[in-house]
Amino acid sequence: MVNKSHRVNADQTDSHLPSIEEHATALFNTIAKGVAAEAAAHGLTYLELAIIRMFQMDSEWTATELALLLSTNVATISRAVRKLVDAGVLRRRRSQQDRRIVILTITEEGFAFGRNLRDITHSYERKFTQGISVEDLEICLSTIAKIVANHAALKGSTSALPGATL
């Protein structure tokens, strides 16, 4: 059941309610700390885990693409990639069209490792959502998807959350 006293629509602002930004920041920091701890338990940094997760979405990336999508600089990505290449998780190859471009791909070992980390992350998510009903989680995720879609519409973009339906 939704508590109607906490509803806020586009025409109404309620100064005693914490901002979306404050809640989003708190949620992001909570998740990031937990995931960073899970990554550290496997000898990875949060960034290295994020890079491996990117390869769950697509099989090839350049360091520049990863830097852009992960909001960091290419030098930082390059250091993390070097460690992942040395560990046998990623491999580098030159583009056939432009030999200056280095394409990164995930190895079979890296893919299996990423799948294992995904399972660990999902297990962690289940822990921090314990006691929250499926219905409440669906409402939360639906609301987040709508906020992201509204933001994208304001920016003239069609980007939204993966798997989001409105």
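Hello everyone, and a quick word on ground rules. Residues are numbered from 1 along each chain as its sequence is written. Because this is a predicted model, local features need pLDDT of at least 70 and side-chain atom pairs count only at pLDDT 80 or more, while totals for chains, interfaces and linings use all residues; side-chain values use heavy atoms, leaving out hydrogens and water.

Let's start with the sheet. Helices (H or I, at least four residues) and strands (E, at least two) are DSSP runs, numbered from the N terminus. Two strands pair if DSSP finds at least two bridges between them. Here we have an open sheet of 3 strands in the order E1-E3-E2, with antiparallel pairing. At the edges sit strand E1 (60-61) and strand E2 (90-94), each pairing on one side only. E2 and strand E3 (residues 102-106) run antiparallel and are joined by 5 bridges. If you want one to look at, Arg94 has Val102 in E3 as its bridge partner.

What packs on this sheet? Helix H2 (residues 46-57) does, touching E1, E2 and E3, and its direction makes about 85° with that of E3. Contact here means heavy atoms within 4.5 Å. Axes are lines fitted to C-alpha atoms, for helices over the stretch in contact, and angles run from 0 to 180 degrees between N-to-C directions.

Now to the helix pairs. Angles under 35 degrees count as roughly parallel, over 145 as roughly antiparallel, 65 to 115 as roughly perpendicular and the rest as oblique.

First up, H2 again: H1 and H2 pack at an angle of about 90°, with axes 9 Å apart, so they are roughly perpendicular to each other. Phe28, Ala32, Val35, Ala36 and Ala39 of H1 make this contact with Tyr46, Leu49 and Arg53 of H2. By class, that is 7 nonpolar, no polar and 1 charged; Ala, Val, Leu, Ile, Met, Phe, Trp, Tyr, Cys and Pro count as nonpolar, Asp, Glu, Lys and Arg as charged, and the others, Gly among them, as polar.

H2 also packs with H5, at about 105° and with axes 9 Å apart, which makes H2 roughly perpendicular to H5. This contact divides into 5 nonpolar, 4 polar and 3 charged residues.

And H1 with H5? The axes of helix H1 (residues 20-40) and helix H5 (residues 108-128) come within 10 Å and cross at roughly 135°, so the two are oblique. Thr30, Ile31, Gly34, Val35 and Glu38 in H1 meet Ile120, Thr121, Tyr124 and Phe128 in H5.

Last, the charges. How many salt bridges does the structure hold? There are 3, a salt bridge being a side-chain nitrogen of Lys or Arg within 4 Å of a carboxyl oxygen of Asp or Glu. Glu48 forms one with Lys83, their closest N and O atoms being 3.1 Å apart. This pair links distant parts of the chain, with Glu48 in helix H2 and Lys83 in helix H4 (residues 74-86), 35 residues apart.
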